[in-house]
Structure formats: structure tokens, C-alpha cells
Amino acid sequence: MNLTAFSGPSLQAAYLRTLPAIRERCSNVHAMAQRGKLEYFDYNPDQESSVVNYCLKIMKRDFPAADGGVDFASIPPHGRWRHLDAGKSRIAPLMAKWDEERGSLVSEKEKCKRLIDLFLVSVLLDAGAGNQWAYNESDGESYSRSEGLAVATVHMFDQGLFSGSPAAQPHRVDAQGLSQINEASIATAMQVSDTNPMVGLSGRTSLLVNLKTALESNPRFFGSDARPGNIIDFLESESKLDGSSVRVHVSSLWGVLLEGLALIWPARYSIGGVQLGDVWPCSVLATDGQAEGDDFVPFHKLTGWITYSLIEPMEKILKWRFDGIEDMTGLPEYRNGGLLIDFGVLTLKPSLQALANASGVPCVPPSHGAVVEWRAMTVIELDRIADGIRRQAGVNSRDLTLAQVLESATWKGGREIAKRLRPMTGGPPIEIESDGTVF
């Protein structure tokens with residue numbers, strides 16, 4: 001994004017939608033934490049080593065090397081693919097169907113487009129479903145939370161729920177198919193009932209309905225048939241050839257997702273008439289006389305989750321290479337963030353403890369200042385934890401990427417420690433009043 005083309009409020013709005021802005025503004029909050037200036041948390045950096053050791057223990061368990069260490073090369077990147085294959089492989093059998101289709105051969109590009117269709121919708125439906133909901137497959141296996149939502153979307157995709165031509169072309173997402181989506185159809189497909197309630201069902205449905213409008217409004221990205229997978233054509237036009245390799249800068253994909261999907265997010269804060277998305281004011285950054293937006297912290301968590309998830313099929317199937325990955329941050333959500341609280345890196349101040357519910361856990365909306373501080377600290381602490389793991393294991397960021405740390409350690413570790421400390425729910429140490437559009 002060329003920020004020199006903007007000025008004043010437009011420049012601020014443009015900046016807050018870039019990848020570097022996330023780490024820069026979160027670093028400002030982290031600097032306040034080091035001075036003891038957070039409103040809702042105390043920061044205890046001496047506890048970071050406990051998180052590093054815990055993460056390494058999980059990595060050694062799940063990705064063991066012959067020498068007793070970690071087989072770093074076997075760790076996949078963080079992405080939706082793992083959740084879609086929870087318990088058993090589902091993507092490979094789906095792709096095998098495409099090789100058996102009658103008529104013309106399904107190209108590698110078309111296969112990738114179909115996966116992008118699926119992965120994008122699955123991520124949009126991935127916001128926290130609550131502690132009570134689960135999805136049951138026909139083989140009797142039950143999945144909850146992110147895995148349950150992922151498994152449900154695979155079946156919805158396979159049944160053609162998102163396609164405008166479910167009989168002829170079930171395995172695609174397009175505006176025509178999304179125009180038929182409503183809350184009742186999503187509830188039925190996801191097995192929601194009075195005894196299997198889901199948090200944020202209405203917000204989830206709204207995202208899909210708004211996705212239809214976004215796809216139709218941006219043919220430059222999504223093509224004349226208004227389909228997510230068509231971003232491959234746009235990115236190809238933005239790519240560079242390096243020998244026989246296609247190289248794409250991650251900022252191109254990020255820009256497509258932020259600009260192309262802008263219409264799907266609820267109206268929250270704006271600057272100069274530009275809706276900012278997952279961007280929130282943080283009280284500890286506020287000063288007298290500052291410019292509008294100088295106290296805002298961008299997260300764009302779902303956009304980041306989509307970006308990580310879409311890069312993987314393009315790299316695996318099309319053999320593309322993405323530059324600028326170092327600008328990507330860890331995801332500021334409640335599993336990664338919960339790890340910090342449960343190990344005492346962050347401790348709750350009395351003002352936040354006072355908001356505890358009957359289970360002894362504070363329950364607040366995403367807009368609450370405590371959540372903004374928590375998420376900002378999570379972004380920077382994930383960098384610090386990743387560096388700590390690398391130092392202890394004697395590897396560098398090429399051997400162990402941040403995406404691999406998220407996949408093999410922090411997200412999983414946050415879930416496991418939550419289940420150990422809060423066995424009744426397995427929920428995070430701070431409950432978010434989710435509307436299905438942020439977490």
C-alpha cells in the first residue's frame with residue numbers, strides 16, 4: 001500500500017490497515033506494560049521462561065526428533081487445514097473426488113481455487129462457538145470449538161451449501177450460493193439446537209451474507225462469478241517470476257483481503273469515513289492533543305487467520321512462494337493470550353478481577369479496554385516466546401517460523417493449560433462476549 005498517496009485522516013486509516021501497523025502499535029502497548037502503566041494487567045516478564053519450557057515440552061511430545069529434541073522440519077504452518085482434518089483426513093479425500101470428476105480434467109489452479117473457497121468460508125465461521133456447542137459426524141465422533149466449526153464447514157461445502165450450482169458444481173463458494181444462506185440454514189447445517197447452543201450464530205450468518213455483497217462488489221479480485229478462489233488470478237497478475245518460481249508479496253494478499261472483504265465486517269470505528277475493522281482504542285496510548293487514531297491498535301485477527309490459511313494451499317498446490325512473511329504477526333486471540341495469563345506473564349488487576357462471573361472468570365465484550373490490552377500484549381509476547389524457543393533449541397527463524405510456533409506450541413498450549421486449570425469448561429481465563437465476528 002502506497003501511504004504517500006494519502007494525507008491526514010486518510011493516511012492514518014490507511015496505516016492502521018497495514019500489516020506493520022499491528023506490530024508497531026502493539027509494541028507501544030507493550031512498552032507501557034514494561035513501565036507498569038497498563039490499566040488492567042501487571043506484566044511479569046520473568047514468567048516467560050515457564051511458557052517457553054511448556055511450549056518446548058509440547059513440541060517434543062508432538063514432533064519428536066530421534067535425538068530427543070524437536071523435528072522442526074515436520075511442523076506444518078498454522079492454518080485452517082489442520083482443523084479441517086481434525087481426527088482424520090478430509091481434504092485429501094475431497095481432492096481425490098476432483099480427480100475422478102467426469103468431463104474436463106480439474107487443473108491444479110482450479111483445485112487451489114476450491115480450497116481457497118472452502119478455507120475462507122471456514123475461517124469466517126471460526127469465531128468462538130462457546131463452551132456447549134459440538135458437531136457430530138456420522139461415524140459418531142464429536143468435535144467442538146474450532147475443530148467442530150471446521151468439520152461442519154467441510155460437510156456444508158461438500159453438500160454444495162455455498163454454491164449457486166449445488167448439483168453441477170457443489171465444491172465452490174460464490175455470491176449466488178451465499179444469497180441463499182440464512183440463519184436457519186446455518187443452524188441446521190451446524191446442528192444448533194436448544195440442547196446444542198452456539199454463541200454468535202447471528203454474527204456468523206451476517207458475515208456470510210455480507211460476503212456475498214463483498215464478492216459482487218469487487219470483480220477485480222473475485223472475478224465476474226464473484227468467487228473467493230478467483231483471488232488466485234489477481235495475485236498471479238501481481239506476482240514476479242524468479243526462474244520457474246512464482247513469487248508473491250504477502251502484502252498483495254493482505255491488501256486483497258482487507259480491501260476486498262471490508263464490507264463483511266460490522267461497522268465499528270472509522271477515520272475519515274473509512275471503516276477500520278478489527279481496530280480499537282487503547283486508553284494507555286491516549287495523550288492530550290494527539291491526532292485522531294493515534295491511540296488505536298489494529299489487530300485484524302480474522303484477516304491474519306485467513307492469510308495464514310490461504311498461503312498454505314497456494315504454496316503446496318501451486319508451488320508459489322510468498323515474500324514478506326516476517327511482517328505477519330501471531331494471532332491475538334484467546335488461546336494464545338490465555339497462555340500468558342495462565343502462566344502468570346500477565347496478571348489481572350483488581351479492576352478486571354471485579355468483572356468475574358459466577359465461574360470466577362471475567363466476562364467482557366471485545367471492545368473492552370482489558371481485551372484490547374490483552375490482545376496487544378499477546379502479539380508481542382508471541383514474538384518473544386518464539387525467540388525464547390529458538391534460543392533454547394539453537395535454531396533460527398528460518399528453521400522455526402512464527403507460523404510453526406503458533407501451530408505446534410502456543411495455540412495448542414493455551415488450550416491444554418485451559419483444560420487443566422478449568423476442566424469443567426476448558427474455556428479461557430477471560431471470557432469474551434463473542435458476536436462471531438472478532439474471535
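Predicted model: local features only at pLDDT ≥ 70, side-chain atom pairs only at ≥ 80, totals over all residues.
Figure 1. The C-alpha trace stretches over about 65 × 55 × 50 Å along its principal axes. A compact globule of 439 residues would have a radius of gyration near 22 Å, and the chain has 21 Å, so the two agree. Of those 439 residues, 56% count as buried. Now think about who touches whom: if you take contacts between residues at least 6 apart in sequence, 72% of them join residues at least 24 apart.

**Figure 2. Helix α6 meets helix α14.** Here we zoom in on α6 and on α14, which covers residues 301-317. Their axes come within 9 Å and cross at roughly 160 degrees. An angle over 145 degrees counts as roughly antiparallel, so that is how α6 runs relative to α14. The crossing is right-handed. On the α6 side, look for E108, C112, L115, I116, F119, L120, V123 and L124. Facing them from α14 are L302, W305, I306, S309, L310, P313, M314 and I317. Sort this contact by class and you get 14 nonpolar residues, one polar and one charged.

**Figure 3. Helix α6 again, this time with helix α7.** Helix α6 spans residues 108-124, while α7 spans residues 145-158. The axes of this pair come within 9 Å and cross at roughly 135 degrees, which means that α6 is oblique to α7. As α6 passes α7, the crossing is right-handed. From α6, the residues making the contact are R114, D117, L118 and S122. Their partners in α7 are A150, T153, V154 and F157. What classes of residue does the contact of α6 with α7 have? Four are nonpolar, two are polar and two are charged.

**Figure 4. A close look at R145, a residue with a positive phi.** Most residues other than glycine have a negative phi. R145 isn't a glycine, yet its phi is near 50 degrees. You'll find R145 in helix α7. Is R145 buried or exposed? Its relative accessible area is 10%, and the cut-off for buried is under 20%, so R145 is buried.

**Figure 5. Q191, in the loop between α9 and α10.** Helix α9 covers 183-189 and α10 covers 201-217, and Q191 sits in the loop between them. Phi is positive here too, near 60 degrees, in a residue other than glycine. With a relative accessible area of 28%, Q191 is partly exposed.

Terms used:
Residues numbered from 1 in each chain as written. Heavy atoms only, no water. Axes fitted to C-alpha atoms, helices over the stretch in contact; angles between N-to-C directions. Helix = DSSP H or I, 4+ residues; strand = E, 2+ residues; numbered from the N terminus. Parallel < 35°, antiparallel > 145°, perpendicular 65-115°, else oblique. Left-handed = near helix turned anticlockwise from the far one by under 90°. Contact = heavy atoms within 4.5 Å. Nonpolar A, V, L, I, M, F, W, Y, C, P; charged D, E, K, R; others polar. Rg over C-alpha atoms; globule rule 2.2 N^0.38 Å. Buried < 20%, exposed > 50% of the residue type's maximum accessible area, 1.4 Å probe, protein only.
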